[in-house]
Amino acid sequence: MSHTALMPIPGQIDPVPVARDVTPRPDGRIDLTGLARTRIRDLFEEAGMEPKQARLRSKQIYHWMYHRGAREFDQMTDMAKTLRPWLEERFVVGRPDVVEAQLSEDGTRKWLLSTPDGHEFEMVFIPDDDRGTLCVSSQVGCTLNCTFCHTGTMRLVRNLTPGEIVGQVMLARDALSEWPEGTAKLAQEPEGSDDGSYNPAGRRLTNIVMMGMGEPLYNFDNVRDALQLVMDGDGLALSKRRITLSTSGVVPMMARCGDEIGVNLAVSLHAVTKDVRDEIVPINRKYGIEELLAACAAYPSASNARRITFEYVMLKDKNDSDDDARELIRLIREYDLPAKVNLIPFNPWPGAPYECSTPERIKRFSAIVFDAGISAPIRTPRGRDIDAACGQLKTAAEKKSRAQRDREAAEVG
Ligand code: SAH
Ligand code: SF4
């Protein structure tokens, strides 16, 4: 079995071949979090359980883990008592370790998390009046180096396993005490009902965005496997309509994203000319704007009911002119896209080479796009005081090592 800790991410802009494996643990036990029912069944059989038993037990455990949030085999009351020590010896139901939890003055929460092999990543929860959105990471760091994004300056990169991805959502449900109550029910939801039995009414965690650290389409298999557990009616049972995946434009993976995951798509466009996009979103040098928009037009669930969101970070004197706004409208019309534009005021970070556009400029840009009949709301920055806003995620360990480097440089100087 290969070890994900050693999973390298080659190159700058090629989709990453992903070792699909359980989350590595120093004590040698196998972490079941992130594994599908059939994989759990196979592991039970490999450990010597009878095939019939393995099928039944894997089904029960799957339900307890993903639907009810159980972390201890002792909580699984329909599991034979004699079986529990057997399971405990070999398996765990893990979560990412919490290194630090922070609360912003606006109610946004940020968790600094750690993998068992010591890699740190972040997760953010953004409560609003009518919804609560969890911003989930897909990688430790990011290989893509967009010039306005703090995450892109991280040196350390590794793909998160399915368990580390779905584990973030499970951890958030633990923290918010939001696992469904009631008796264990093993029945599958009826065909075609992807709302499952998780009723978002009255709950705080209602939506998920794959907009934390990393490029989710460079960790496609693990992100897909994790989101399948989130969407499964007998799993976390969150509707795919409430999940959005954001990509910087990994064109060759977008069709598969639609076919195999089927969630809402957000695309980090950020510029409408080749020159500017090449500079600020370097993946544009490989997959240009035309290719990207054609892939958006072909996105399987692109329809008026489920529009594609274009994210557009507002950078002063870089991409924020009236001409840019008009070109944006032209492009959206040319590709006949059911689109919405999210204008994101640039969130600063130490040493960032940009400034945010003025509020007047952002309003004017928004008005031009709105006047063309395309929705273009300005996103309110959230959690800036705890560095939790878009593009500010970079783990403390990395910041510390930068400080350390600066000190060392000063000493040498
Ligand atoms: N890698 C994916 C998803 C994570 S980034 C992607 O790029 O789409 C989530 C969003 O935050 C992206 O639209 C990203 O471009 C934006 N972002 C990055 N840095 C930012 C910053 N400093 N200020 C505002 N938005 C930023
Ligand atoms: Fe990576 Fe997205 Fe940041 Fe670009 S904006 S560096 S793709 S996380």
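Me: What should I know before I start?

Reply: This is a predicted model, in which local features need pLDDT of at least 70 and side-chain atom pairs count only at pLDDT 80 or more, while totals for chains, interfaces and linings use all residues. Residues are numbered from 1 along each chain as its sequence is written, chains are lettered from A and ligands numbered from 1 in the order in which they are written, and side-chain values use heavy atoms, with hydrogens and water left out.

Me: Which residues come nearest to ligand 1?

Reply: A residue is near a molecule if one of its heavy atoms lies within 4 Å of it. Ligand 1 has 21 residues around it, and F148, S246, S268, H270 and N347 come nearest.

Me: How do I read its polar contacts?

Reply: A polar contact is a pair of N or O atoms within 3.5 Å; within protein, one must be able to donate a hydrogen and the other to accept it, and residues adjacent in sequence count only if both atoms are side-chain atoms. An oxygen atom of ligand 1 is 2.6 Å from an N or O atom in the side chain of S246. Backbone polar atoms take part too: one of F148 lies 2.8 Å from a nitrogen atom of ligand 1, and one of C390 lies 3.3 Å from a nitrogen atom of ligand 1.

Me: What surrounds ligand 2, and of what classes are those residues?

Reply: Ala, Val, Leu, Ile, Met, Phe, Trp, Tyr, Cys and Pro count as nonpolar, Asp, Glu, Lys and Arg as charged, and the others, Gly among them, as polar. The shell of ligand 2 consists of C142, L144, N145, C146, C149, G152, G214 and S248. By class that gives four nonpolar, four polar and no charged residues.

Me: How is a pocket told from a cavity?

Reply: On a 1 Å grid over the protein atoms alone, a cavity is a set of points where a 1.4 Å probe fits but cannot get out, and a pocket is an open set with protein on both sides within 12 Å along at least five of seven lines; lining residues have an atom within 4 Å of a point. Grid points are joined across faces, edges and corners, and a volume is the space filled by probe spheres set on the points. The second largest pocket has a volume of about 330 Å³. Its lining has 22 residues, with R25, V92, V93, G94 and R95 nearest the centre. By class they are seven nonpolar, six polar and nine charged.

Me: What lines the second largest cavity?

Reply: The cavity, of about 30 Å³, is lined by V136, I165, V166, V169, I208, M210, A226, L227 and V230. Nine of these residues are nonpolar, with no polar and no charged ones.

Me: Is H270 buried or exposed?

Reply: Buried means under 20% relative accessible area, exposed over 50%, partly exposed in between (1.4 Å probe, protein chains only). H270 counts as buried because its relative accessibility is 5%. A polar atom of the H270 side chain lies 2.9 Å from the backbone nitrogen of V313. D387 is partly exposed, at 28%.
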